[in-house]
Amino acid sequence: MKENNDPSSLGNPFDHRQSLIHGRQCDCHQCSPSQPNSARSPHQTNAVAPSLTPSSADDVMDRVVESALIRGMFGHSDMHRRQFMKLVGGGTAAAALASLFPLDSIKAAVKESLGPLEKTQLNVGFVPITCATPIIMAHPMGFYERYGLDVSVIKTAGWAVARDKSLNREYDAAHMLTPMPLAMTLGAGSTPEPFIMPAVENINGQAIVLHNDHLDKRDPQQWKGFTFGVPFEYSMHNFLLRYYVAEHGLDPDQDIQIRVIPPPEMVANLRAGNIDGFLSPDPFNQRAVFERIGFIHLLTKEIWDGHPCCAFATSARFARENPNTYGALLRAIIDATQYSSDPANRSEIAEAIAPTNYLNQPVTVIEQVLTGRFADGLGGVQNVPDRIDFDPFPWHSMAVWILTQMKRWGYIEGDVDYQQIARDVYLATDAQTVMRELGYEAPEETARNYQIMGKTFDYTQPEAYVDSFAIRRG
């Protein structure tokens with residue numbers, strides 16, 4: 001399904017009356033019903049001259065630079081920015097900023113480095129899950145248009161379709177699972193084509209759900225013979241489920257069955273008894289509880305806290321042929337991901353992405369996922385603020401871990417240049433550059449070790465890590 005962008009974005013950052021976000025609850029003078037002057041106080045009428053929406057590409061980039069500087073100064077808190085501008089006046093703040101920064105020179109340098117957009121109308125695919133929150137909410141909340149893009153976000157049934165439409169160039173970019181660009185580049189499961197992943201969308205945010213018939217089977221060693229659903233073979237869901245059951249002594253290829261089921265069909269298959277459980281993205285874990293069909297056995301953050309899940313990806317060819325458009329799209333995605341990372345914004349985002357053309361889920365279900373206060377299906381209400389989080393940085397070490405699991409379970413064979421593939425596909429340097437440009441903190445390093453179910457993963461020793469597992473293929 002295609003949608004047109006909301007034109008209300010790129011507000012004047014020096015105007016306290018204007019929001020720079022324009023969410024559903026926006027109270028700025030552009031989004032609120034107009035008031036007669038008699039209903040306004042004198043300072044509301046005269047404090048700031050009306051600001052015009054940028055009408056040219058140069059004006060858009062000028063506003064982007066001003067907005068990035070101001071938002072960075074206020075820690076990306078639009079509330080604090082508006083309070084300050086109301087207190088001191090936008091003109092005074094603009095003059096003070098100009099005295100501290102060579103704004104004209106900065107704007108000129110940015111324009112020179114970016115150049116004109118090669119394409120402005122883009123098709124970006126997404127699978128309707130909460131992991132895609134930044135890619136989805138960037139549409140109704142104006143993040144794409146902020147960077148001069150007219151993006152159609154297209155709801156996609158599952159990741160096989162998303163992969164094929166990306167390979168066929170029907171999509172300019174897409175919401176993908178973090179293993180997918182690696183698999184597509186290597187030709188695992190599809191024809192090989194270099195794909196790049198310059199941004200992670202979410203970390204954590206998944207769960208193992210069991211049917212209510214299995215309330216007495218909380219020990220994974222009791223799951224022999226069970227059938228589980230995962231959304232795609234090349235998914236963190238598949239690799240985390242395999243890792244989890246293997247650590248409990250089960251061979252995922254012999255002791256259980258794993259079926260690929262599109263996320264929107266998970267709950268129906270659980271209800272019908274076709275599967276005993278699933279490791280799935282939200283909101284379908286929470287939807288199973290909401291429908292009183294299943295319960296949350298555990299959140300995947302209990303397997304690996306901070307694990308990646310979904311990402312923004314595109315072909316290397318698209319980025320090479322459209323470098324300025326690629327840069328603008330990455331800025332929009334990283335900006336939206338950082339906005340999603342603030343827990344204070346989660347309820348607003350839940351309302352923005354709930355409608356039929358996006359997730360098509362009850363707001364209460366999405367809100368329980370995004371805020372981390374949720375019913376677990378076991379009679380309790382849990383409060384886990386980092387049940388899902390949003391961090392755009394694509395660590396090379398995340399790619400190396402995924403490649404070790406692809407090797408462990410026979411999805412790739414032979415010699416694997418783990419580090420080089422990670423550098424080629426997970427573009428950490430692109431993310432670093434854009435994050436810093438937008439005023440966000442970015443890690444200095446691009447790789448680190450992890451603790452996964454008590455076992456240390458050393459990204460510098462991937463083959464030794466694969467060989468350390470008793471249960472594996474080959």
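Figure 1. Y339 is buried, with 13% relative accessibility; buried means under 20% relative accessible area, exposed over 50% and partly exposed in between (1.4 Å probe, protein chains only). F143 is buried as well, at 1% relative accessibility. The ring centres of F143 and Y339 lie 5.8 Å apart with the planes at 50 degrees, so this pair is tilted. Rings of Phe, Tyr and Trp (its six-membered ring) pair if their centres lie within 6.5 Å; planes under 30 degrees apart count as stacked, over 60 as edge-to-face and the rest as tilted. Because F143 belongs to helix α7 (residues 143-146) and Y339 to helix α14, the pair ties together parts 196 residues apart in sequence. Helices (H or I, at least four residues) and strands (E, at least two) are DSSP runs, numbered from the N terminus.

The model is predicted: local features need pLDDT of at least 70, side-chain atom pairs count only at pLDDT 80 or more, and totals for chains, interfaces and linings use all residues. Residues are numbered from 1 along each chain as its sequence is written, and side-chain values use heavy atoms, with hydrogens and water left out.

**Figure 2. Ring pair between F239 and Y411.** The two ring centres are 5.7 Å apart and the planes stand at 75 degrees, so F239 and Y411 form an edge-to-face pair. F239 sits in helix α10, while Y411 is in the loop between α17 (396-408) and α18 (418-425); the pair links distant parts of the chain, 172 residues apart. Both F239 and Y411 are buried. The protein has 16 aromatic pairs. Elsewhere, ring pairs link Y243, W304, W401, Y450, F457, Y465 and F469 into a cluster.

**Figure 3. Surroundings of D335.** D335 lies in helix α14 (residues 323-340) and is buried, with a relative accessible area of 1%. Its side chain makes a polar contact of 2.7 Å with that of Y147 and another of 2.5 Å with that of Y440. A polar contact is a pair of N or O atoms within 3.5 Å; within protein, one must be able to donate a hydrogen and the other to accept it, and residues adjacent in sequence count only if both atoms are side-chain atoms. Leaving out residues up to four places away in sequence, D335 touches R71, F143, R146, Y147, L438 and Y440, where contact means heavy atoms within 4.5 Å.

**Figure 4. D458 in its loop.** D458 is placed in the loop between β16 (455-457) and α20 (462-467). With 28% relative accessibility, D458 counts as partly exposed. The side chains of D458 and T460 are joined by a polar contact of 2.6 Å. From C-alpha to C-alpha, D458 and S397 are 8.6 Å apart in space, and 61 residues separate them in sequence.

Figure 5. Strand β6 (residues 206-211) runs antiparallel to β10 and is joined to it by 5 bridges; V209 stands opposite I296 in β10.

Key:
Pairing = 2+ DSSP bridges.
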